[in-house]
Amino acid sequence: MTKNSNKTISKDVKVDVQYLTRVEGHGSIVVDVKDGTMTKCEFQVIESPRFFESMLVGRSIWEAQHITSRICGICACGHTLASLKTAEAALGVTPSEETVMLRKLLLHTEQMDSHILHIYVLIAPDLLGVKSIVPLIKTHRPVIEMALRMKRMSDYAGEVLAGRHIHPISYVVGGLTQLPSREGLEKLYEMMLESRKDGEETVKIIKTLKFPEFQRPSQYLSLSNNEEYAMYDGDLVVNNGQRTKVKDYKSLLTETVNDYSKAKIATINNKSYAVGALARFNNNSSLLNKPAQAVAKELGLKAPVHNPYLNTAAQLVEWVHCLEESIAILKKILKDGLDEKKVVVNSWPKRSEVADKKYTPNTGIGSVEVPRGTLVHEYTIDDTGHITHSNCVIPTNQNIGNLEDDMRKMVPEMVGRLSEADITLKLEMLARAYDPCISCATHLLDVKFV
């Protein structure tokens, strides 16, 4: 960074970013260095806990997905699908292949929607040296219009596939309440074909931008399977190694809390780890489709990548992958059609039916990959079909420890070499590179009133 190079460079550094900008939610970065020794380095989630796990207790398993979709306005579809997979595991329900195909399509479009928002609105200003996207509207108007066009395509996908863009309403246990219209699917297909050109232009733009240099090998967690680049189904895998079944997630990762943050912290083998696009790329890049592999090569990405700033580049690779996968699914649907009997279900029982039916007490666990990483839901139901316990493992929670370890390595490398303003900016850029959804992260393991 050259614009602050004339500022005083000292071995005493105090960073206190009270409200990190260009992220979803409110978080703070606090770093204190005295005489070259770091005494504090924290990423603080300062929003109040939102208690979604507690909200689920006492509610019917049949309505869980409509509650949990409200955890996030960006990943609402991902939370819905994780919730449905969890409910189906608890109830012993197996959705049809056609239903799973539509769910994968919805998940792909949500990845595209979030990734393009992050690339252009949250990260591009950093790489272009401006405070926000607003100045770029004047200096790079055609590019901003292209970005909005790309996002509009994925927004429309939510309307067609799920009944509305935010907080889907047509996806329920076992299937959908109604089929997406053929007219809507045809329009979406054409919009996706047109988006290919915008994707190619975006690759050219990102290729010209310089990401900060930083390296720290880490643990990378994602879903993984041998059939495809895992987004909807798979086992939990760390650094492309031993696999753990999703139902056994508690044997792999541990959630705790600390005294300066209102979000849970997750570790694997008592060490921090990363989830998200870069983790998925590091574990599964060989299963990317050919267009996405070509983009990875053009951007110089080759697994494993240990620079967290390049999470944004991995997101662009995934955007291309998800676009091509979505086009292929839509092409199949438009050619073969959808069997309404295999997709549309009346899976919302009447109150009298819920009251009369006896369920087998059970625990269901489900997982999908959302834009920011591996999401896990767990619900336990009683013999009335009501939830008695729930847990949601949020990607941003999982990334917080890894982000802090990145900062702890990065700060000593910058002290005495960069100004305090430059150090602050680099740390803000690092946090934004993880694409945190801080509002989603505000959950607590336990609250005791004494």
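Which residue in β10 is the bridge partner of T256? Keep the question in mind while loading the model, which is a predicted one.

**Stop 1: β9 and β10.** Select residues 253-256, strand β9, together with β10; the two run antiparallel and are joined by 4 bridges. T256 has I265 of β10 as its bridge partner. Now select 265-268, the whole of β10, and look at its two faces. I265 and T267 lie on one side, A266 and I268 on the other, and all four are buried, which leaves both faces of the strand covered.

**Stop 2: the sheet β12-β13-β14.** Next, display the open sheet of 3 strands, ordered β12-β13-β14 with antiparallel pairing. Its edge strands are β12, at 362-370, and β14, at 387-393, each of which pairs on one side only. From one strand to the next the twist averages 10°. Select 373-381 for β13: 9 bridges join this strand to β12, and the two run antiparallel.

**Stop 3: helix α15.** Move to residues 420-433, the 14 residues of α15. The distance from the first C-alpha to the last is 20 Å, close to the 20 Å expected at 1.5 Å a residue. Colour by accessibility: 12 of the 14 residues are buried, and the helix is mostly covered. Finally, select D435, which follows α15 and has a positive phi, near 55°.

Note on methods: Residues are numbered from 1 along each chain as its sequence is written. This is a predicted model: local features need pLDDT of at least 70, side-chain atom pairs count only at pLDDT 80 or more; totals for chains, interfaces and linings use all residues. Side-chain values use heavy atoms; hydrogens and water are left out. Two strands pair if DSSP finds at least two bridges between them. Axes are lines fitted to C-alpha atoms, for helices over the stretch in contact, and angles run from 0 to 180 degrees between N-to-C directions. Buried means under 20% relative accessible area, exposed over 50%, partly exposed in between (1.4 Å probe, protein chains only). The expected span of a helix is 1.5 Å times one less than its number of residues.
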